[in-house]
Amino acid sequence: MRALRLLTLLVPAFAFAGEVVTLPGGRFAPLFGLDVGQSAFPVGTFRLDVRPVSRAEFAAFLEGNPAWRKGKAPKTLVDERYLATFTPAKHPAGPVTQVSYFAARAYCAAKGGRLPSTLEWEYAAAADETRRDASREADFAQRILDWYGQPNREGDLEQPGSPRNVYGLEALHGLVWEWTDDFNAVFVSGDNRQDGDTNPKFMCGSGATGSARREDYAAFMRYALRSSLTPRSTLPRLGFRCAYEVNP
Amino acid sequence: MNVVILSLALWSLTTALPEEKALLTEPPLVPPAITRTTPARVKVELEVIEKVMQLADGVDYTFWTFGGTVPGRFIRVREGDTVEFWLENHPNNKLPHNIDLHAVTGPGGGAASTFTAPGHKSRFTFQALNPGLYIYHCATAPVGMHIANGMYGMIYVQPRTPLPKVDREYYVVQGDFYTDADFGQKGLQPFSMKRAIDERPSYVVFNGSAMSLVGDRALKAKVGETVRLFVGNGGPNLVSSFHVIGEIFDHVYPEGGSKAQDNVQTTLIPAGGSAIVEFKLNTDGTYILVDHSIFRTFNKGSLGMLKVEGPGRKDIYSGKELDDVYLGDESVATSIKATPATTPLSGIKPDGKALFLANCSMCHQAEGQGVPGAFPPLAKSDYLANISNKKRGDLVEFVLRGKTGKVVVNGNEYNGVMTPVAGLDDEKLATVLTWVSNAWGNSAPAFTTDEVKKLREALPEVKATPNGHE
C-alpha cells in the first residue's frame, strides 16, 4: 500500500506516461479452447495499455518497489537473466524486456491493473488498422509472419513503431512477445504433431480438438512461445502491457 | 567365443559406460567412422540459431538452424550407445524450438522432452537401438514452418558391424523453400505460408543453398576412390528423385536402412527420410548431383557437383571422339564467316555476371565451361565467336523461349533441352547477353535494351504461352 502511494507520487515523473484505451466487448474465436459446437467466447469490455510497458516506466516502478530490482528480486520469482541488460537510460521509450511473469504482475497491480488474459490479448491483437478481427485474413497473417521471419537485430527495441490498430493499440505484433495472465492455461504440446490429439490434461473442456484455425501460423507461434515459458522466465524479447477493469 | 560375449555383456551391465562427447560436423563433412567396439555414453550438444544466410546468389533468407548451418550438424553414434542429448536455444532467438530425432525410440522422438524457450537448454537421454541413417528436425508449432526454414539434419547410428571402409564420406540434404518471389529475386525473401501450404516451392536446394555444392564448394574425390554419400531429404513437402549424372550407384541402402540394393540409377528419398549411396569413381570429370524431378534442378537450384580428379580412363569413357562440322543447320555453318572483331564495349554492366550466375550457370557452369555431353560451353565457344545478326535474334529466342534439339559447339553435338528463363526484362536480357558475349575472351557488340526489345517483338508468335507460377 505504501508502495502504491509512493508510486502515485512518481507518476508525473514518468517520461512516457502510459496511454490507455477502452476496448468494447465482443465475441472472439481464439486459436485454442473452443468446445465442439462453440463458435466464439464472449469478451467483456476492458481497458488496455496502448504500448508495451517502457523501460522508463519500469525504472520508475523499481524506484518505488526496490524489492523488484535486479539482484533483490527473490530467485523463486525471477530467473538468472532477470533485467540482465536493463538500462533505462538507453532507449527509455522502448519496451522493457527480461521481466518475469511475477514481476509483470506486480507492476500491473501497482498501477491498479492486471495482466490481460490470453483471450483479451488475442482479441485486441486480432485487429489491424481497419478491421476488428483480421485474424482470418491472409494479408494480416503474412505481415505478422514476416516479423517472425526476421532475426532479432540490435536496435529493434528502440521504440514501438507499428501503426495503431482500430482500437488505438500499438505494437501488439512486430516488437516483443507479451505476457498474459493465463499464459500457461493452453498448452501447445512440445510436439506439434500431437496437437490433433484430444488431451484433457492440456485442454479445457471435454471434446476440445486442437486449434480453430490450422492456417493461423502466427497465432500458433504465440501459443507455442507462451507454452515454452515458466513464470520465472525472462526473455530478451518478452515484455508486457497491463489491462484494467472499466470501472476500477 | 561364447565366454567372450557373455563377459562383454556382463561388463556392460556392471560397469558404467565410458563417456565421450560427440564430434559434430558441418555439411558436407561427416565425422570419422567410430572405431569403438563397445557401447559408450555419448554427449551431444546442439545449439539452435536463427540467422540470415544465402539461399541463392544474392538471395537472403532467415534460416532457423541446428548449429548454424542447413542442414544441421551431422551426428554420428554407434548402435547400442546411450546418447545424452542437449538442445540449447540461443537467447537472441525469437522462438521456442525442440528436436525430433528419427533415431529415437520413444514418444515424439524427443520433441516434447526438448521443448525449449529462447535462452534455455534442455536435456534428454535415449538409447540408439536401431542402426541406420535418420533425419532429425524441429517439431514445434507450426511444425511445417520450422522445417521449411531449415530445421533439419541427420544422425547416423553406425551399425555394430560397420559398413565397409570407403575413401570419402559426404553429407547432403535436400530441402524445399517457400518465398513469395520466384527463384532468383534478390534481397531478403520472407517465408510464404501460402506457397508452403500449396506445396509450390520457389527453391529446391541441396544443403540449404543453390550454391552450397558448386564451384569451390563442390565435393571432391580422386579417380579410383570410393565415395559414400549420406543423403537426406528434409522436405518439408517434396520427395526427391536423387541422381548423380554420369554415375551409377554401386550400392544403395534405400531409406537409410540395412539392406543394400546394387546398381541403381536414381533412388527415391521421402521427405523426412534418407538413403546411403556408394559408388566407385572409375574416371575423371564433374558429376552432377540432382533431383531428377528435373525442373527443380534447372529452375529451382537442386544442383550439386562432385569433381573427380586424376587420370581419365579412356577405355571406360572415351570423351569426345568425333570432331566434325555438322551441316544440318546451314545458318550455323555459314554464319561462321570471319567478320572483323569488334572491340569490347564500355557499356558492359557488372550486373551481367550476377544475372549469368543466377540464371545460366546452373547448366553452363560458373566459368561458362558447360558440362560435356549435357550443356554446351559459352566460354571459348565457336558458337559465340562471330555473332551474326541472325544469331543475335536466336540468342534472344533461346533465352526467352528455350531451345530444344541439336546444337553444335566446338564440333560437339548437344541434343538437349534448354528451358526458358523467366524473369528477365529487356534490360536485364540485354545486360546478360552482352556480358556472356564479351566474357571469357568472347567479343561482340553490346546488346542494347532497344535491340533486345525489337528482337523479342520479332519472335514468332507462340500459341500457348508457357505458364508462370501464378
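**Pocket.** I began with the term itself: on a 1 Å grid over the protein atoms alone, a pocket is an open set of points where a 1.4 Å probe fits, with protein on both sides within 12 Å along at least five of seven lines, and its lining residues have an atom within 4 Å of a point. I noted that the model is predicted, that local features need pLDDT of at least 70, that side-chain atom pairs count only at pLDDT 80 or more, and that totals for chains, interfaces and linings use all residues. Residues are numbered from 1 along each chain as its sequence is written, chains are lettered from A in the order in which they are written, and side-chain values use heavy atoms, with hydrogens and water left out.

I looked up the second largest pocket, which holds about 800 Å³ of space, a volume being the space filled by probe spheres set on the grid points, which are joined across faces, edges and corners. Its lining has 32 residues, and the closest to the pocket centre are B:Asp284, B:Gly285, B:Thr286, B:Tyr317 and B:Pro372. Strand E20 (285–291), strand E21 (303–309) and strand E23 (412–418) of chain B are the elements that give two or more residues to this lining; strands (E, at least two residues) and helices (H or I, at least four) are DSSP runs, numbered from the N terminus.

**Interface.** I then turned to the two chains, where 30 residues of chain A are in contact with 33 residues of chain B, contact meaning heavy atoms within 4.5 Å. Between them the chains bury about 2800 Å², with 63% of it on carbon and sulfur atoms; buried area is the accessible area (1.4 Å probe) that two parts lose on being put together, summed over both. On the chain A side that touches chain B, helix H5 (138–148) and helix H6 (217–227) each supply at least two residues, and H6(A) gives the most, with 6 residues.

**Backbone.** I recorded that most residues other than glycine have a negative phi, and most peptide bonds are trans. The bond from B:Val70 to B:Pro71 is cis, with omega near -5 degrees, and B:Pro71 sits in the loop between strand E3 (59–66) and strand E4 (75–78) of chain B. B:Ala141 and B:Pro142 are also joined by a cis peptide bond, with omega about -10 degrees.
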